[in-house]
Amino acid sequence: QVQFVESGGDLVRPGGSLRLSCAASRSGFTMYTMGWYRQAPGKQRELVAGISGSVTTYADSVKGRFTISRDSGKNTVYLQMNSLEVEDTAVYYCNGRNPLSTSWYNVLYAWGQGTLVTVSS
């Protein structure tokens, strides 16, 4: 079993930036196919960004503003968020996608605690 620890969430003004980190609890875990997800109050969890090998995918709402990356040596995946909007307010989670599935919602492990991002003036 692998646990993920998300961090980096904060209160930020619209237009600001944050970098989220997702660390895997098990050393040597290959973060080959990882996704960042978010869940806003009263809404379903949604995929924000995914990375599989060198291929990345983004939700339309964050394209051009968010960037997903990984540091395999540190077992960490990052989400750089720029030009933040009030609508980006949510709890952000990471998880690994089941490699046997093409759906980013078919994840491998239990969800972590997430990290709260609040965008407000």
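Predicted model: local features only at pLDDT ≥ 70, side-chain atom pairs only at ≥ 80, totals over all residues.
Strand E4, residues 33-39, and strand E5, residues 46-52, pair in the antiparallel sense over six bridges. Both strands are part of an open sheet of six strands, in the order E2-E10-E9-E4-E5-E6, and the pairing in this sheet is mixed. At its edges stand strand E2 (11-12) and strand E6 (55-58); each has a single partner strand, so one side of each is left without a neighbour in the sheet.

I turn now to strand E3, residues 18-24. Is this strand mostly covered or mostly open? Strand E3 is mostly covered, with five of its seven residues buried. Strand E1, residues 4-7, pairs with E3 in the antiparallel sense over four bridges, and here Val5 stands opposite Ala23 in E3. Strand E8, residues 76-81, also runs antiparallel to E3, and six bridges join the two. In that pairing, Leu18 stands opposite Met81 in E8.

The next topic is charge. In general, side chains of opposite charge can pair when their charged atoms come close. How many salt bridges does the model contain? The count comes to five.

Consider Asp88 first. Asp88 forms a salt bridge with Arg38, and the closest N and O atoms are 2.9 Å apart. Asp88 lies in the loop between E8 and strand E9 (90-96), whereas Arg38 lies in strand E4, so the pair ties together parts that are 50 residues apart in sequence. Both Asp88 and Arg38 are buried.

Asp88 has a further partner: the side chains of Arg65 and Asp88 meet in a salt bridge at 2.7 Å, N to O. This pair, too, links distant parts of the chain, with Arg65 in the loop between E6 and strand E7 (66-71) and Asp88 in the loop between E8 and E9, 23 residues apart. Arg65 and Asp88 are both buried. Through salt bridges that share partners, Arg38, Glu46, Arg65, Glu85 and Asp88 are joined into one network.

Finally, Lys63 forms a salt bridge with Asp60, where the closest N and O atoms are 3.1 Å apart. Why is Asp60 classed as exposed? Its relative accessibility is 64%, and residues over 50% are counted as exposed.

Note on methods: Residues numbered from 1 in each chain as written. Heavy atoms only, no water. Pairing = 2+ DSSP bridges. Buried < 20%, exposed > 50% of the residue type's maximum accessible area, 1.4 Å probe, protein only. Salt bridge = Lys/Arg side-chain N within 4 Å of Asp/Glu carboxyl O.
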